[in-house]
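Open the model and keep the sequence beside it. We will walk through it piece by piece.

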Amino acid sequence: MGLPFLRILLLSIFISSFTDLSSSTRTHSNENGVLEEEDEYLKLKLVHINDPYSSPQKTLVSDSHRLSVLLSTLPNRKALKTPVVSGASSGSGQYFVSFRVGTPPQKILLVADTGSDLVWVKCSACRDCSRHEKGTSFFPRHSSTFAPFHCYDSSCQLVPQPPKTHCNKTRMHSTCRYQYSYADGSRSSGFFSRETTTLQTSSGKSTKFKNLAFGCGFNISGNSVSGASFNGAHGVMGLGQGPISFSTQVGKKFGNKFSYCLMDYTISPPPTSYLILGKANTIKKMNFTPLLANPLSPTFYYIGIQSVEVNGKKLDIDPSIWEFDEEGNGGTIMDSGTTLSFLAEPAYLEILDAFDAEIEYPRIFDPALGFDLCINVTGVKKVSLPLLSFRFVGNSLFSPPATNYFIDAADDIMCLALQSVSSPLGFSVLGNLMQQGYLFVFDREVSKLGFSRHGCALP
């Protein structure tokens with residue numbers, strides 16, 4: 001039985017109190033040849049460490065765990081609350097951002113996660129850190145700019161505190177402590193702090209961001225956030241819509257917009273993927289769908305699905321299957337931290353039946369594979385698979401290639417990489433495998449999601 005998640009009331013504060021951004025500008029010539037000044041954007045390299053194709057069962061287990069974690073962040077429907085617990089999963093199929101924090105900068109790897117808000121890093125309290133390998137933790141003692149929030153600071157109210165925590169308002173060094181738990185009992189706790197981070201802009205220059213609010217975790221335990229199951233990550237870069245997410249704190253300087261294109265990491269050598277904060281990577285051939293606001297789960301990026309097609313045939317799926325109700329249950333989210341896609345059970349069963357009717361290859365029935373539809377493609381030089389398409393709200397069509405939803409589960413065996421969500425509180429998730437090879441632009445300023453098969457090579 002997993003420990004319950006701690007939840008907090010969302011406070012109305014100004015993000016400018018968190019982050020002091022020091023950034024440069026550049027000039028360009030407009031169509032009339034006049035020099036104009038524009039803000040640079042942030043360009044962060046995304047690194048993929050584990051390949052889900054090499055272990056589909058591990059991917060399934062880790063994604064199922066992540067889904068339970070995300071579901072556990074759903075707030076009590078009787079009050080307006082927001083989860084600040086990281087949704088980072090264990091297992092494979094994640095993308096990482098190289099993150100430099102402190103003065104002088106220390107380099108660590110964070111999971112890029114659109115399904116959570118909090119930025120947190122694994123910290124070490126060592127006095128003589130020479131024996132510790134660099135890049136395994138953040139060492140606050142080595143940074144001249146590290147400063148925990150005071151427990152009485154209003155910012156401290158944005159994170160869950162450990163049980164029986166009492167704030168001494170008169171003590172100068174009474175630090176803000178946080179603790180949050182995963183569904184499997186894993187924990188991360190430490191000081192909610194502020195620091196200077198150093199990131200790279202589009203021109204290649206280093207830019208410092210002062211007073212970024214983040215969790216400095218001194219106690220990390222459990223499979224979800226430690227050891228090999230965390231894929232070598234040292235924390236999470238929350239990119240959700242809450243006030244303490246990286247995309248909120250830093251993105252405000254760059255038009256409240258970020259984008260990424262998750263490249264196919266099965267290609268050798270693997271192409272480079274980037275996370276862009278700012279106005280870069282927008283192209284003319286862009287489709288758009290609204291980002292939907294769910295006030296009872298404000299962290300997530302919800303989208304609307306009008307219909308689903310398999311080989312151009314519209315399936316008999318009630319559109320309400322994809323929507324969240326008045327209590328905030330259900331809906332469909334885009335999540336970079338989950339590998340597979342999880343669909344509401346009625347929709348999943350319709351899609352499964354449609355694929356089963358269209359595919360002519362022999363079936364493989366093996367529970368150990370963890371998928372409901374697997375096929376034998378022995379001796380087939382060019383595998384032909386049905387085309388799955390989602391028509392989003394706004395009539396934009398998302399038609400990813402079959403490699404985005406079929407995986408090589410074993411030699412000459414391919415499986416439909418979709419899973420069912422049967423919980424009445426559950427929501428559908430389009431994971432990073434389904435998003436692969438598409439440029440996605442999360443434009444929070446106008447509440448819309450852009451996507452295109454073009455532009456992944458930019459900038």
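Arginine 363 has isoleucine 375, in E24, as its bridge partner. Strand labels here follow DSSP runs: strands (E) have at least two residues, helices (H or I) at least four, and numbering starts at the N terminus. This is a predicted model; local features need pLDDT of at least 70, side-chain atom pairs count only at pLDDT 80 or more, and totals for chains, interfaces and linings use all residues. Residues are numbered from 1 along each chain as its sequence is written, and side-chain values use heavy atoms, with hydrogens and water left out.

Now widen the view. E23 pairs with strand E24 (residues 374-376) in the antiparallel sense, over 2 bridges. Two strands count as paired if DSSP finds at least two bridges between them. The pair belongs to an open sheet of 4 strands, ordered E23-E24-E28-E27, with antiparallel pairing. Its edge strands are E23 (363-364) and E27 (406-410), and each pairs on one side only.

Turn to another open sheet. It has 4 strands in the order E20-E19-E25-E26, again with antiparallel pairing. Strand E20 (313-314) and strand E26 (396-398) form the edges; each has a single partner strand, so one side of each is left without a neighbour in the sheet. Further in, strand E19 (residues 305-310) and strand E25 (residues 388-392) run antiparallel and share 5 bridges. Within E25, leucine 388 stands opposite valine 310.

A helix covers part of this sheet. Helix H3 (residues 345-358) lies across E19, E20 and E25 and runs at about 20° to E19. Contact here means heavy atoms within 4.5 Å. Axes are lines fitted to C-alpha atoms, for helices over the stretch in contact, and angles run from 0 to 180 degrees between N-to-C directions.

Which residues does the UniProt annotation "active site" cover? The unreviewed entry lists Asp113 and Asp335. They span 223 residues in sequence, yet no two of their C-alpha atoms are more than 7.1 Å apart, so they gather at one spot. UniProt positions use the numbering given here, feature names are shortened, and annotations may be inferred rather than shown by experiment.

Where does each one sit? Aspartate 113 is in strand E8 (residues 106-113). Aspartate 335 is in the loop between strand E21 (332-334) and strand E22 (341-344). Aspartate 113 counts as buried because its relative accessibility is 0%. Aspartate 335 is also at 0%, so it counts as buried. Buried means under 20% relative accessible area, exposed over 50%, partly exposed in between (1.4 Å probe, protein chains only).
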